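Before reading on, please take a moment to look over the structure shown here, turning it slowly in your viewer.

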Amino acid sequence: MDRYRVAEGTRVNLAAWDPSDRSGFAGTKEEGEKAATQLNKRLEELQEMLWADRRHRLLVVLQAVDTGGKDGTIRKVLEGVNPVGVRVASFKRPTPPELAHDYLWRVHPHVPGNGEIVVFNRSHYEDVLVVRVHELVPQSRWEKRYRHMVEFEKLLADEGTTIVKFFLHISKEEQRLRLQARIDDPTKHWKFSMGDLDERKHWDDYQRAYEDALSETSTAFAPWFIVPADRKWYRDLVVATVLVEAMEKMDLRYPRPEQDVSGVVVE
Ligand code: AMP
Ligand code: MG
């Protein structure tokens with residue numbers, strides 16, 4: 001899945017990244033789903049060990065345009081993982097107290113502690129995406145934020161946090177289909193707001209803002225992955241693979257017991 005990693009210092013042109021690519025997996029959709037189920041089981045084991053081990057932390061950043069599939073990815077990829085050691089932090093429009101502080105103020109308290117996996121469902125990156133597209137702060141301010149974000153993530157990494165960042169990349173046509181599906185299905189109306197249609201008008205601005213964010217902030221210690229996300233099964237497979245690989249690298253182990261209890265019989 002290294003093909004989807006943005007190498008540090010490369011310039012991302014999203015038009016050259018195919019949202020329906022599936023070249024990382026040779027099999028059919030059914031085989032892909034089976035592979036994802038197996039990865040999910042492995043993730044469950046790794047998470048159990050991460051929690052027991054308490055030496056590592058995993059931060060997963062999820063970004064996408066509306067209908068990009070953040071919720072579905074979280075549901076699918078983390079299915080069956082013990083909720084005790086996993087949290088999802090969702091970043092909405094900032095509240096007045098949040099707006100009264102620097103933009104990282106509301107983010108830092110949510111980073112994972114020892115043994116934890118935390119998924120950022122949107123993140124500090126909104127502060128160079130929606131904020132830039134809608135000019136919520138002047139360019140002179142948001143343009144400095146890429147560097148802050150790299151440094152912030154460096155701090156987390158230096159202190160023992162593993163970071164992976166996913167941009168779920170869908171096509172404009174796929175977004176049209178998904179928005180329409182939300183409108184046509186009354187049980188999905190809660191996910192839809194008229195504002196989503198206004199946001200869609202800014203499609204090109206968002207793509208440009210994403211290109212800059214991906215280009216400026218993909219590093220060896222906090223890489224971005226551009227996930228082809230038009231096919232949900234493939235998206236889940238890519239994300240699960242990257243997460244399992246990241247956790248395999250942690251060299252996780254169960255802590256040694258204080259006393260050797262092997263052979264002890266409970267009466
Ligand atoms: P949703 O993910 O659909 O619940 O929507 C959350 C909304 O909050 C999205 O429209 C985001 O663009 C918005 N949002 C998240 N972070 C920020 C931010 N820092 N500034 C402005 N809007 C934000
Ligand atoms: Mg929404």
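Please keep in mind throughout that the model is predicted.

With that cut-off in hand, begin with helix α1, which spans residues 29-53, and follow its axis to where it comes within 9 Å of the axis of α10, the two crossing at roughly 30°. Because of that angle, α1 and α10 are described as roughly parallel to each other. The crossing in which α1 passes α10 is left-handed.

Helix α10, made of residues 232-248, also packs with helix α2, made of residues 70-77, and here the axes lie 10 Å apart at an angle of about 60°. This is why α2 is called oblique to α10. As α2 passes α10, the crossing is right-handed.

A further pair is formed by helix α6, covering residues 145-158, and helix α9, covering residues 203-217, whose axes are 9 Å apart and meet at an angle of about 45°. These two helices, α6 and α9, are therefore oblique to each other, and α6 passes α9 in a right-handed crossing.

Now turn to the ligand. Which residues are found around ligand 1? They are F91, K92, R93, P94, R106, R122, E126, D127, V130, V131 and L136, and this shell divides into five nonpolar and six charged residues, with no polar ones.

Some members of the shell can be followed down to single atoms. In K92, an N or O atom of the side chain is 2.4 Å from an oxygen atom of ligand 1, while in R93 a polar backbone atom is 3.1 Å from an oxygen atom of the ligand. For D127, a polar side-chain atom lies 3.2 Å from a nitrogen atom of ligand 1. Considered alone, ligand 1 exposes 500 Å², and the protein buries 75% of that area.

Key
Residues are numbered from 1 along each chain as its sequence is written. Chains are lettered from A and ligands numbered from 1 in the order in which they are written. This is a predicted model: local features need pLDDT of at least 70, side-chain atom pairs count only at pLDDT 80 or more; totals for chains, interfaces and linings use all residues. Side-chain values use heavy atoms; hydrogens and water are left out. A residue is near a molecule or strand if one of its heavy atoms lies within 4 Å of it. A polar contact is a pair of N or O atoms within 3.5 Å; within protein, one must be able to donate a hydrogen and the other to accept it, and residues adjacent in sequence count only if both atoms are side-chain atoms. Accessible areas come from the Shrake-Rupley method with a 1.4 Å probe; for residues, only the protein chains shown count as cover. Ala, Val, Leu, Ile, Met, Phe, Trp, Tyr, Cys and Pro count as nonpolar, Asp, Glu, Lys and Arg as charged, and the others, Gly among them, as polar. Axes are lines fitted to C-alpha atoms, for helices over the stretch in contact, and angles run from 0 to 180 degrees between N-to-C directions. Helices (H or I, at least four residues) and strands (E, at least two) are DSSP runs, numbered from the N terminus. Angles under 35 degrees count as roughly parallel, over 145 as roughly antiparallel, 65 to 115 as roughly perpendicular and the rest as oblique. A crossing is left-handed if the near helix is turned anticlockwise from the far one by less than a right angle, and right-handed if clockwise.
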